[in-house]
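Student: Could we go through this structure together? I would like to start with individual residues and then move to the cores and charged pairs.

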Amino acid sequence: MSVLTRDEAQTRARLIDVHRYTIDLDLTAGDDTFDSRTVIRFTVRANQDVTDTFVEVKPAALRSVTLDGHPLDPETLDENRLPLKNLTPGEHELRVDAGMRYSRTGEGMHRFTDPTDGETYLYTQLFMDDVQRVFAAFDQPDLKAVFDLTVKAPEEWTVLANGITEHLGDGRWQAAPTPLISTYLVAVAAGPWHSVRTEHRGLPFGIHCRRSLAPYLDTDADELLDITRQCYDRYHEKFQEPYPFDSYDQAFVPEFNAGAMENPGLVTFRDEFVYRSAVTDTERQTRAMVIAHEMAHMWFGDLVTLRWWDDIWLNESFAEYMGYQTLTEATRFTDTWTDFGVTRKAWGYDADQRPSTHPVAPENVDDTASALLNFDGISYAKGASALRQLVTWLGEKDFLAGINTHFTRHKFANATLADFIDSLASHTDRDVHAWADAWLRTTGVDTLTPHITTDGGTCTLTVKHTGSRPHRVAVGLYDRDIADGGPHLALRERLDLDIPQTRSAEPRPIGKRPALLLLNDGDLTYAKIRFDSESFRTAGAALAGLPEPVTRAVVWNALRDAVRDAELPPTAYLETARTHLPHETDLALVQGVLAFAATQITDRYLTPEERPAALATLTALCRDLIRRTEDGDHPGLRLIAVRHLIDVAAHPDTIAAWLADGTVPGGPELDPELRWRVLARLAVLGATDEAAIAAELERDPSATGQEGAARCRAALPDPDTKAKAWASMFTTDDLSNYLFTATAQGFWQPEQADLVHEYVPRYFQDAVAVAARRGPAIADAAGRWAFPTHAVDTDTLHQGQTCLRDSDPIPALRRKLVDQLDDLTRALRVRGE
């Protein structure tokens, strides 16, 4: 397939204007394909001579093409490009009739049959360049148009789209024409949806899911709709431009590759957000943040859209920042920045220290394949962190004024970084252009290190700055709380400090020596922080005694960074967790620290010989948390502890008894998620078999159950079972995106290193082949989930390097391999190897 280059897009945008797409989809043609008929009305600009261009389409069968009533030869289709030659200035009409393939990889028109009840559901995911899998299009973000959509579906189905849909009878549905939007934002969802509908401020709202999930959606409908209304109202307080579309539907769809997609008027979410099992309040907060994030996109990305993919940060960084900030301001989730700090921000820090790093606003995104790689922790978490720092530096009043000017200037059109900076600059005397150059055009993570000198009882702070960005930070000065009598810390003072772009901050008197001096208190900038020696000792002794969770998140992140930089032994991090987590009250912190301890420290940073002791430490920690929650007052904390105890269990007896009894003593009862989690760990430990897995699948035949069974089967320590799992991933191509991921998650286990050793070199050959056959979504899954992360050794590193050098993996897989091999190199360095 030919990918679109920036130069080609710019050339085509100079040649034509696209006015309207009239699209007719027939979803009743069979199980493998659907019919797509498209009429595109466009204009060749008057200042052009007779010219050539092309339209994109990826058909199963291209039946006919006519241009201005004259037939074109379908055989001229070259991969995904249909040439349009000898176009004269003026109006043109292109008609394309094609058969299109359904997808099982979450790209294009995804088709899913629910194993619970046999019902079938379809939805589109047209991001980047997948609109071509559904209808013919001039597929680039700056050729906006009106989309007029008609869909034929089975009579009992409901069809959702960007605009309000009307059932015309005989299974035909007509969607209201859209305002001017980009091709990648067109959306259709069709099936026997269960829907909950309401109205807010005269606008139709709806939430939708598969019928088999109806009871779970109904249970949370009030919460989901309340969050939606609260965010909608808060955005209207912030933004002068009103919500720009005619309705707001949120569809929870199966086997979705992303968290959600910001289709105007029809946001699609992964339907794991319809909870079948118990979840923590932090997980509910995450779902609420995704709702807020996607709604922010209605302005950032949909109303005003990037001109080319180098400005994806104008979509994702803003939606990320606005999602967290608006949730904090408008809902019961008032501490979202703690979760951001310990979870999302770590994602950004990790991505920004790999060879694949890129600026928040890169200048070298040459084509759509390259652009797809930039949807990462930099475009989301680092970009949101940069915006949070911008608001701290600029002030929220001027920031929002600049945003509103930007919307007014570019609504229903496209804009660039330069356009946005100009909008900001019109409301401040500060040099926002220089700020943008320093923050958005550079890579890497700055490091801030405090140095304290004492003279006659008065201390002076100097901050050493390694990096290239200016920072406005808060410095927290904490003293021991003597009155409390325990290891608690009280905030004496929080100082504002400006750190210049390329040098250390000016010395700052701070009075008497604090027990803990914490740079970036409040987590308002994006930088690694270090401690002076006394503050480090205090943090180790009294971390849980810091009064604010976001402050504790900054400390935990600093410890995490120190482990990753081989400056703090992994075992010291584990001991700090063992000491302080039993006293922690914030669920996001407990979850984030345990996740890093389990997936990185025990599985990668410690040697196989050290791993059993680490698992024992984590088991003891989880038991402490379970004992602490016996009174029933902290169900979320107890659930986290139970989940992690299952995951780190070195012996099967306890968790096997839980599964047999259907409950943890004192609760909780084992719901489907916990039952599959226990069974997966028992599979790893060789303490279950295929018969038990089949019995559990009969008990829970849902899509989630199918994934659980695939994960468990792949985890069984049996050579024949491993061979079958490997073939299902890399040979047969029958697995959907979700079943591929589940199988990959089960396959590699540190406890089974000897059993799967022979597959490590095979991975680098087979992953390249399956990525080339099945495309970017499976390539991403193969690189993320199917990589042998447990194999921390130089042989794996050299095999991966050889693969990158000699095997030419497609860009999506190459990026994942580059990242995985860099993480492997880091793990070897942490181990001292």
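Predicted model: local features only at pLDDT ≥ 70, side-chain atom pairs only at ≥ 80, totals over all residues.

Student: Which helix holds Thr-579?

Tutor: Thr-579 belongs to helix α13, residues 570-580. A polar atom of the Thr-579 side chain lies 2.9 Å from the backbone oxygen of Glu-575.

Student: And how far is Thr-579 from Ala-541, C-alpha to C-alpha?

Tutor: Their C-alpha atoms are separated by 8.4 Å, and the two residues are 38 apart along the chain.

Student: Another threonine, then. Where does Thr-502 lie?

Tutor: Thr-502 is found in the loop between β25 (489-499) and β26 (508-511). With 61% relative accessibility, Thr-502 counts as exposed.

Student: What is Thr-502 in contact with, sequence neighbours within four places aside?

Tutor: Thr-502 is in contact with His-465 and Gly-467. As for Trp-556, 54 residues away along the chain, its C-alpha atom is 27 Å from that of Thr-502.

Student: One more threonine: is Thr-51 buried or exposed?

Tutor: Thr-51 is buried, because its relative accessible area of 15% is under the 20% cut-off. Thr-51 lies in strand β3, residues 51-56. Leaving aside neighbours within four places in sequence, Thr-51 is in contact with Leu-15, Val-44, Leu-84, Lys-85, Asn-86 and Leu-87.

Student: What about the phi of Ala-566?

Tutor: Ala-566 also is a residue other than glycine with a positive phi, near 60°. Ala-566 sits in the loop between α12 (549-564) and α13. Its relative accessible area is 43%, so Ala-566 is partly exposed.

Student: While we are on the backbone, is the peptide bond from Gly-667 to Pro-668 cis or trans?

Tutor: That bond from Gly-667 to Pro-668 is cis, with omega near 5°. Most peptide bonds are trans. Pro-668 lies in the loop between α17 (653-661) and α18 (672-684).

Student: Changing topic: how many residues are in the largest nonpolar core?

Tutor: The largest nonpolar core has 153 residues, and Phe-42 and Phe-399 have the most contacts inside it. Helix α7, residues 378-394, supplies the largest share of this core, 9 residues. Apart from this core lies another, of 125 residues, including Tyr-573, Ala-725, Leu-735 and Ala-771.

Student: Which residues are in contact with Phe-42?

Tutor: Setting aside neighbours within four places in sequence, the contacts of Phe-42 include Ile-16, Val-18, Leu-67, Leu-84, Leu-87, Leu-94 and Phe-138. Asp-17, His-19, Gly-90, Glu-91 and His-92 are also among the contacts of Phe-42.

Student: Now the charged pairs. How many salt bridges are there?

Tutor: The count comes to 74 salt bridges. One of them joins the side chains of Arg-6 and Asp-366, at 3.1 Å from N to O. Arg-6 lies in helix α1 (residues 6-15) and Asp-366 in the loop between α5 (336-352) and α6 (368-372), so this pair ties together parts that are 360 residues apart in sequence.

Student: Are those two partners buried or exposed?

Tutor: Arg-6 is buried, with a relative accessible area of 16%, whereas Asp-366 is partly exposed, with 43%.

Student: And which pair lies within helix α15?

Tutor: Asp-624 and Arg-627 are 3 residues apart in helix α15 (residues 611-628), so about one helical turn separates them. Their side chains meet in a salt bridge of 2.4 Å, N to O. Asp-624 counts as buried at 16% relative accessibility, and Arg-627 as partly exposed at 47%.

Methods
Residues numbered from 1 in each chain as written. Heavy atoms only, no water. Core = buried A, V, L, I, M, F, W, Y, C linked by side-chain atoms within 4.5 Å. Buried < 20%, exposed > 50% of the residue type's maximum accessible area, 1.4 Å probe, protein only. Helix = DSSP H or I, 4+ residues; strand = E, 2+ residues; numbered from the N terminus. Contact = heavy atoms within 4.5 Å. Polar contact = N/O pair within 3.5 Å; in protein donor to acceptor, adjacent residues only side chain to side chain. Salt bridge = Lys/Arg side-chain N within 4 Å of Asp/Glu carboxyl O.
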